[in-house]
Amino acid sequence: MHERTEAVAAYLAKLTGLVFSPEQLSALEDFLRARFSLLHISDPAEYIARLEDPAEFLEAVDRLTVKETFFYRHEAQFDAFMEHLLPGFLAEAAEEKRPARLWCAGCCTGEEPYTLAILAAEAGCLDRIEILATDIHKGYLEAAMAGVYSRRSVEKLSPEILEKYFSKKGESFRLREDIRRKVDFKYLNLGGTFFPSFLNGTAGLDAVFCRNVLIYFEKARVREIIVRFTDCLRDGGVLALGHSEMLPQDWPLSVQTAGEAFFYRPKKEEPAVAQPPVEPAKPQKRIISPAPPPAEAPGALLLEAERLADAGRAAEAAALCRRLIKENYALEKAHYLLGLLELARPEKALEHFKKAVYLNPGHLQARLHLAQCDEKLGRAGDAAREYRNLGHLAAARPPGELLDAEEGITCGMLALIAGNALKKYPGPDAEKNR
Ligand SMILES: C[S@@+](CC[C@H](N)C(=O)[O-])C[C@H]1O[C@@H](n2cnc3c(N)ncnc32)[C@H](O)[C@@H]1O
């Protein structure tokens, strides 16, 4: 890596909390080459001084973030939130004569907060909630405010919802203005100390959504950010992370399952069981496309299990996986899917991920989950071993190789995640990765 890129990347990593992939570093290098020439700079320290200027900082940071998002991403979590948690928050908020308050941290181009707004509109409670959405990337925020999306962004929405909330503009879809106005977009760097704050609306919240953001952060910073999030929440509030993001067991949060998803709550508030809705939830209109009839061929059964899991119908998906296993078919995939369905019960999930890895030692995502389950169960030695194996295997494959098209996970990212995780554990690999 060029010396200037190394110096500037180290400075930006400190300010943002991010860990950069080789692709991001090469994008930064291209940017710096042009910038140094335009500004007639040769000394990295001189350029770093210029980064004090927010405009320059934002220009540089724009090269370093990952854009991957779409409407209704991981719908099981949205559905569970609307059905099991929001009614309680609304009731409490009504008693205190205030709206229920939600924050999407790392909102990218707006699909996540707008999904919440559409679901609230469908449930008839749009005027009783406030949604704050923040990101570090100014271009994404501008796109979010414009509210114009590609077909790919909206493809999980049902035709009825698309018709009701969007107008077609050439090949694009423009979101209805009342929904756009509902979300308050702001710039906020999660690597800083600007939250909680009443000034920017990040205090006294009912829920924080920070999904698929912290996977790109340095592990030590993740803990700092999580602690800040818990301070942003009012009593009883929840934190929603991405569906494969699990926190170590000794952190000050506990898992709360709700419907087919899980959320985190600050430990002091730990409720014994999942809460039933405080007021009867309005019948939820599902906004995914209608299901095709179930098929019987084993290959089709696996697809059907995946589709049911995607639609949040975990019990039915799990039953199909068990049937496939009993019939000795698609074992690796069935075990992996069962593991994902059991994520809220790490000891169960772990058994399935182990089987998937036994059947296919190159199954890198199963290895990542295995390591995270070990971590969650407090088994540091096993977790370190799993991260080490994952790191070696991921590094041996092309960094850009895409493992999960929907989640945008590449081998390079997994190598980074493993390297990062290993810094926590003493031993030769931890040293090597430091
Ligand atoms: C992969 S997207 C996730 C979008 C959305 N939450 C979802 O799950 O669909 C990650 C987002 O995090 C943002 N991000 C990365 N580092 C950040 C930081 N330090 N502060 C705020 N946002 C950040 C990126 O700009 C990007 O928009």
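Before the points, one definition: buried means under 20% relative accessible area, exposed means over 50%, and partly exposed lies in between, with a 1.4 Å probe and protein chains only. This is a predicted model, in which local features need pLDDT of at least 70 and side-chain atom pairs count only at pLDDT 80 or more, while totals for chains, interfaces and linings use all residues. Residues are numbered from 1 along each chain as its sequence is written, and side-chain values use heavy atoms, with hydrogens and water left out.

1. Let me start with H369. Its place is in helix 16, residues 364-376; helices here are DSSP runs of H or I with at least four residues, strands are runs of E with at least two, and both are numbered from the N terminus. H369 counts as buried because its relative accessibility is 3%. Leaving aside residues up to four places away in sequence, H369 touches S244, Y336, L340, L343 and F353, where contact means heavy atoms within 4.5 Å.

2. Now the overall picture. The protein chain has 19 helices and 12 strands. Of its 434 residues, 54% count as buried. Among the contacts in the protein chain with a separation of 6 or more, 68% come from residues 24 or more positions apart.

3. Next, the cores. A nonpolar core is a set of buried Ala, Val, Leu, Ile, Met, Phe, Trp, Tyr and Cys residues joined through side-chain atoms within 4.5 Å. The largest nonpolar core has 61 residues, of which L12, Y47, W103, L190, L214, I226 and F229 touch the most other members. With residues up to four places away in sequence not counted, the contacts of W103 include L132, L188, L190, F195, F209, F229 and C232. A second, separate core has 48 residues, with L85, L162, F166 and V183 among them. As background, nonpolar side chains tend to be buried together in soluble globular proteins.

4. How do helix 1 and helix 2 cross, and at roughly what angle? The axes of helix 1 (residues 3-16) and helix 2 (residues 22-38) come within 10 Å and cross at roughly 110 degrees. That makes the two helices roughly perpendicular. Axes are lines fitted to C-alpha atoms, for helices over the stretch in contact, and angles run from 0 to 180 degrees between N-to-C directions. Angles under 35 degrees count as roughly parallel, over 145 as roughly antiparallel, 65 to 115 as roughly perpendicular and the rest as oblique.

5. Helix 5 and helix 6 (residues 111-123) form another pair, with axes that come within 11 Å and cross at roughly 40 degrees. They are therefore oblique to each other, and their crossing is right-handed. F78, F81 and M82 in helix 5 meet E112, T115, L116, L119, A120 and A123 in helix 6. The contact divides into seven nonpolar residues, one polar and one charged.

6. Some backbone details for your checks. A cis peptide bond joins F195 and P196, with omega about 0 degrees. P196 is found in the loop between strand 6 (183-187) and strand 7 (205-210).

7. Two residues other than glycine have a positive phi: Y72, near 60 degrees, and K97, about 55 degrees. Are they buried or exposed? Y72, in the loop between helix 4 (54-61) and helix 5 (75-95), is buried, with a relative accessible area of 0%. K97, in the loop between helix 5 and strand 1 (100-105), counts as exposed at 76% relative accessibility.

8. Last, two single residues. S153, in helix 8 (residues 151-154), is buried at 7% relative accessible area. D127 is found in the loop between helix 6 and strand 2 (129-135) and is exposed, at 65%. The C-alpha atoms of D127 and K182 are separated by 8.6 Å, and the two residues are 55 residues apart along the chain.

Notes. A crossing is left-handed if the near helix is turned anticlockwise from the far one by less than a right angle, and right-handed if clockwise. Ala, Val, Leu, Ile, Met, Phe, Trp, Tyr, Cys and Pro count as nonpolar, Asp, Glu, Lys and Arg as charged, and the others, Gly among them, as polar.
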